[in-house]
Amino acid sequence: MNRISQISILALGISIATSAQAQEQQDDDVIVVTAQRNNETEVVNGGSAGVLGDKPAEDLPFAIRSYDESLILNQQPRSLGDVLENDPTIRTTYGFGNASEQFVIRGFTLFGDDVGLNGLYGITPRQLVAPELFESVQVLNGASAFLNGAAPGGSGLGGSVNLQLKRAGNTDLNRVTVSASENAHFGGSFDVARRFGQNGEWGVRLNAAYRDGETSIDREDRRTQVVGGAIDYDSGPLRAALDLAFQNVRIDALRPKVTVGSATIPAVPDGDANYAQDFTYNEMRDVFGTLGVEYDLADNALAYFRAGARDGREEGIYGGITVLDAASGAANGTALFVPRTDNNEALEAGIRAKLGEAITHEFNFGGNASWQVNRNAYDFRYGPDFAGYATNIYDTPQVDLPSSTLVGGDLVDPFPIARTRLWSAFASDTIGMIEDRLQVTAGLRLQSINVKSYSYFGGDLATEYDESAVTPVSGVVLKPFDGLSLYGNRIEALQQGPTAPLDPALVSNPGEVLAPRKSLQYEVGGKLALGSVFVGLGAYRLKRPGEGVLADGSFGYLGDQRHQGLEFTVNGDLTSSLRLIGGAALTDAELVSGNDVPGVPEYTANADVEWDLGFVPGVTFTARAVHTGPQWVDAANTLELDSWTRFDLGARYVFAAGDTPVTLRLSADNITNEKYWASAFDAFSAALLQGTPSTIKASISADF
């Protein structure tokens, strides 16, 4: 072989190697770009509007949006409240002494018990919800008694939240994630999905997560275990899905809310300070699931059926703390042991049909029912004479668990304390004109509420509430041109009526339970799609009847608690590499007395930005600002919290390990370690929830 031939062969080899390297680099680039795009945090402008079905936001006379599972994966939230921090119209607080998240929407609370699951009430785990199980968190602002029925817990007057469990998509999924956050909180998860059958009609998804360790709050330890599975069938006119899930959450030494028992608000302790006692804990175990079936009766008619059930067990020693001297932090502490079980079932069925051509009618008929049995007991551990124990929020001593003071119910095997049965029937018609550019909705729901309460001392029936009410809805949507949707609604919220005081010296009708309380909402607004950016603006007025002693000396409805405000939301792609989730809300909430409602911020605002660095392949920067305005602490409006602002920063990096896309995530919440009282909202007293300290979180995910 001559030298020219040797050189030619060498050149050919170099060319082949170079081409192979170029092809390999090109393949890696495709993997990175695809994975980076799949990781984009997204808000879907639409969701489940109850009996009206799943609809895009522009076709509904209500404000609705959905946060998808990419947001949950990217932000590594520990609870549903962490997910809803992204919503500028919602703020999160806790119940008294335990980790029961509550969500403040339009100045009213939404209990965790009243969060929907796949469109059904009573099936979601109460108190805390681990977000890893869900592919969508859907928020509907405003009253919704017609859309969803009355919430069994009596909350949700200002808005509702519905969770959708994960199901298999159109592509296979094999994902493993390992995570860590300070101080020493570690976790891992997997998520697998497949479709089977000749046309992919069968879908299976299985996901699980485990997290455990100390959080960024000193001595507070959280353990979360979840497993979820779904089987769905989609072929021809029939669609069906079975969703099953398990959740177990335990929290030790939860930092509690602080009741203000002094004439001034105490200074905020250090961000990582924990004034809990080591004997406090809360453990919750839930097994829950739903079955859904849909059948197309015709091209324009659908019949559907949903059923769900939950078995819940929990127990805990909850800690209460009341500050007696704001300057020194001296406080009184108490403890409460509560064992509890819940057995809930729910059903819903209906028919939805759309008829007509020039003028269309979309009819909805159906009904739903739910049954709930709550068994619990209590042991007030306040020590002798209900005295409690001395403590301090700035320098907290650890003490022994106080002795038992008062026991109610059976602590070993709790008997029923409440049985709740709700049923309703609904009908509506949405009339579409001018090619559905004008849509008018009208409907009625007949709702029945039956609640039986039993004595803690013997289990005998103590009271029974059995009332019915009709809640109407009317709404209009006008689309003057593509991309713009104007809307208005009149809708009500429904709750069990309050009970008159038992003392005949106070009222002439002691112990009487009033008819169901109906709150009335009017709302107008608009939604505008500018390319891939979606903007919403709404104004509302919501009135809730108050209660008190009437002129004739009886207990009844008296005056109105009035909430009104403006809400602005925006989300979408500002450019091909820059995304925004944000907005603001102004809330004017006034008690019957004329004072402002405590715990309701005057204004709130959020801005969440993601930026893909085109000049550094695979890198995405994230930044978020959360601002909450002043809020009154007490109903007398003598104590007020300052406004606060929190900043979060983060980054993602996607690279290819062979054919496997790998994503590294790093974030720092509250980067300035701002010390602040986050919320003063509480149903029973002037109580403050401290904001979380600076928290660093990291994770690595591989999609095989």
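**Surroundings of Ser 48**

Leaving aside neighbours within four places in sequence, Ser 48 is in contact with Gly 53, Asp 54, Ile 64, Gln 138, Leu 140, Asn 162 and Gln 164, where contact means heavy atoms within 4.5 Å. This is a predicted model, in which local features need pLDDT of at least 70 and side-chain atom pairs count only at pLDDT 80 or more, while totals for chains, interfaces and linings use all residues. Residues are numbered from 1 along each chain as its sequence is written, and side-chain values use heavy atoms, with hydrogens and water left out.

- Ser 48 lies in strand β2 (residues 46-48), strands being DSSP runs of E with at least two residues, numbered from the N terminus.
- Ser 48 counts as buried at 17% relative accessibility, given that buried means under 20% relative accessible area, exposed over 50% and partly exposed in between (1.4 Å probe, protein chains only).
- The side chain of Ser 48 reaches the backbone nitrogen of Gly 50 at 3.5 Å.
- Asp 191, found in strand β12, is buried with a relative accessible area of 4%.
- The side chains of Asp 191 and Arg 205 are joined by a polar contact of 2.8 Å, that is, a pair of N or O atoms within 3.5 Å, of which, within protein, one must be able to donate a hydrogen and the other to accept it, and residues adjacent in sequence count only if both atoms are side-chain atoms.
- Apart from neighbours within four places in sequence, the residues in contact with Asp 191 include Glu 69, Lys 166, Leu 173 and Leu 206.

**Leu 206**

- Leu 206 lies in strand β13 (residues 202-214) and is partly exposed, with a relative accessible area of 40%.

**Aromatic rings**

- A search of the whole structure finds 10 aromatic pairs, for which rings of Phe, Tyr and Trp (its six-membered ring) must have centres within 6.5 Å, with planes under 30 degrees apart counted as stacked, over 60 as edge-to-face and the rest as tilted.
- The rings of Trp 202 and Tyr 233 have centres 4.7 Å apart and planes at 55°, so the pair is tilted.
- Because Trp 202 lies in strand β13 and Tyr 233 in strand β14 (residues 221-235), this pair ties together parts that are 31 residues apart in sequence.
- Trp 202 counts as partly exposed at 43% relative accessibility, and Tyr 233 also counts as partly exposed, at 24%.
- One aromatic cluster is formed by Tyr 378, Phe 380, Tyr 382, Phe 386 and Tyr 456.

Note on methods. Helix = DSSP H or I, 4+ residues; strand = E, 2+ residues; numbered from the N terminus.
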